[in-house]
Amino acid sequence: MASTPEPEDGRELYALLHLSPDASGEEIRRAYRQYAQIYHPDKYQDPQMKDVATENFQRIRDAYEVLSDENKRQIYDIYGIEGLNSGLELGPKLNKPEEIKEQLERLKRRKEEEKFLAHARPTGSIIANISVPQYLDGYGIMRGMGMSSEVQLPVSKRNTVVVGGNLVVNGTDGTGAASAVLRHQLSSVSSVEFTATAGLRSLISVQTFRQISPHSTATSGLALSLRDGSINLSNAWTRQLSDNTVGNIQLALGTDSSISVGWQKKDEKNSATGEVKLGTSFFGASAHYIRFFSTKSHGRIAGRVGSSALDFEIGGGRRISQFSTVRMIYNIGIQGVSWRFELHRAGQKLVIPVLLSTDFNALLATSAFAIPSTLYFLLQTYFVKPYYHKREKQKELEKMESLSAQLTEARRAAKKAQKLLEPVSIRKKNRQLDDDGLVIRKALYGNHKKVKESRELNDDVASQVLDVTIPLNFLVSEAGQLKLHEGIKKSGIMGFYDPCPGDPKLLLVEYTFHGQKYKVMVDDYSALLIPQDIHQI
């Protein structure tokens, strides 16, 4: 059975009603009645106070509706607010926690499956071959075009159908093909794939994949040509050589038998691959290296050598938006000198190879590399980098302003909530003073370092620390005790808020009891029970 995730909201609803996660139904009702008496809008005549009371009363009522409903509370205890918002529901009453968790996992998987099936994943590419020599000879500039498209259609959690096709035109000649693939997940470590292709190379094939160890996988395939009846067998083995290095061996037996050995190494800044391939009528070797200069730009060097290829290429690319990347590659080899432009966007690709010359000319080869490289670096230095730097700085500023506005609003809401608690808090404090009982003299909540070092709430400290003396005096029981529960984030308590999201937080409490002074500090999720002798100053 899958492990149960912990709620990420710090059990805010329990904090809001000042309850333990183990609270009984009667304790939940009692806490709700206590806060409802404070925050009921009908108690206030002033319009502003009435609005504050209405907002907080709604929060109290929402928390009560969840915690007083056994099914909703069970979902909240396991998955938090996210589980409730995702629409998870329990069926008939289940008694064992294991049964509850199992059904919730099943419901969550169903939701994920529905989301998974809601989207098909299309990919495609267009290649437009341009030839400058052909154009200079008086013919059309287009040497040929090709396009391909593929759509993955999940039909169930274990089955996916892939439908695709391609079309290639060179001069007056053209060809095309259509294919359909059924991919079935046999288990978590194995799958099988059936393929049928119609066109110039009509065939049917089956391929199996299996993970044979934590670091090794194997693939086997069988293909039958429908044109000449030939059979081709293929096998591939892949092994994880290190944390970021993979090696593979591929063997093909048939009309074009071959064996190839390759490797790939990739980390945050570099990616390199290499392959050596030997066949019955050919041989070849290739390698490429990519250097990631940043999250948005990279450079690339590649080369190929073999019985039918000899070329070298260099270039780079840049991400221009969240889903789009552009690349330019310079290539020189036995086919001539060429550029290649690429645009990649969300699974779609546009490739434009531009053949500049079929003959090797030193001046042309040098110019074809130097001119675009110089233009790129000039644009990068004087236009692109300043623009993106300014844009990133603006985004960071907007993010900081948004966070500052949210924190300001949260602080204002906490202060308003404290204002409604204040009359009852003062009455409880005076009653404890009369009985020489527990009185909270000072309570600060916020940034761990600021709270620990602070002597008073000056301007440097105030933005990251909140005075919570009023809400803590409100929480003192008639018996003269204050208890904050383990595992409940304190920012969820009425009159609190999180003044420094993401930073460690601390609660400092100074109090008196029977004429003696006490002081205690606890972390955000730690329990607190006062008074205790060990806190005495």
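This is a predicted model: local features need pLDDT of at least 70, side-chain atom pairs count only at pLDDT 80 or more; totals for chains, interfaces and linings use all residues.
A nonpolar core here is a set of buried Ala, Val, Leu, Ile, Met, Phe, Trp, Tyr and Cys residues joined through side-chain atoms within 4.5 Å, with buried meaning under 20% relative accessible area, exposed over 50% and partly exposed in between (1.4 Å probe, protein chains only).

The largest nonpolar core has 55 residues, and Tyr-39, Ile-440, Leu-472 and Leu-507 touch the most other members. Helix H3 (residues 47–67) gives the most to this core, namely 8 residues. Helices (H or I, at least four residues) and strands (E, at least two) are DSSP runs, numbered from the N terminus.

Next come two packed helices. H2 (residues 25–39) packs against H7 (residues 362–434) at an angle of about 110 degrees, and their axes are 9 Å apart; axes are lines fitted to C-alpha atoms over the stretch in contact, with angles running from 0 to 180 degrees between N-to-C directions. That makes H2 roughly perpendicular to H7, a label for angles of 65 to 115 degrees. From H2 the contact takes in Gln-34, Tyr-35, Ile-38 and Tyr-39, and from H7 Ala-417, Leu-420, Leu-421, Val-424 and Lys-428. By type, the residues of this contact are 7 nonpolar, 1 polar and 1 charged (Ala, Val, Leu, Ile, Met, Phe, Trp, Tyr, Cys and Pro count as nonpolar, Asp, Glu, Lys and Arg as charged, and the others, Gly among them, as polar).

As for the backbone, most residues other than glycine have a negative phi, and most peptide bonds are trans. Ala-346, in the loop between strands E16 (336–345) and E17 (348–357), has a positive phi of about 45 degrees and is exposed, with a relative accessible area of 53%. Asp-436 lies in the loop between H7 and strand E18 (439–447); its phi is near 55 degrees, and at 39% relative accessibility Asp-436 is partly exposed. A cis peptide bond, with omega about 10 degrees, joins Ile-530 to Pro-531, and Pro-531 falls in the segment after strand E23 (528–530).

Local features need pLDDT of at least 70 and side-chain atom pairs count only at pLDDT 80 or more, while totals for chains, interfaces and linings use all residues. Residues are numbered from 1 along each chain as its sequence is written, and side-chain values use heavy atoms, leaving out hydrogens and water.

Conventions:
Angles under 35 degrees count as roughly parallel, over 145 as roughly antiparallel, 65 to 115 as roughly perpendicular and the rest as oblique. Contact means heavy atoms within 4.5 Å.
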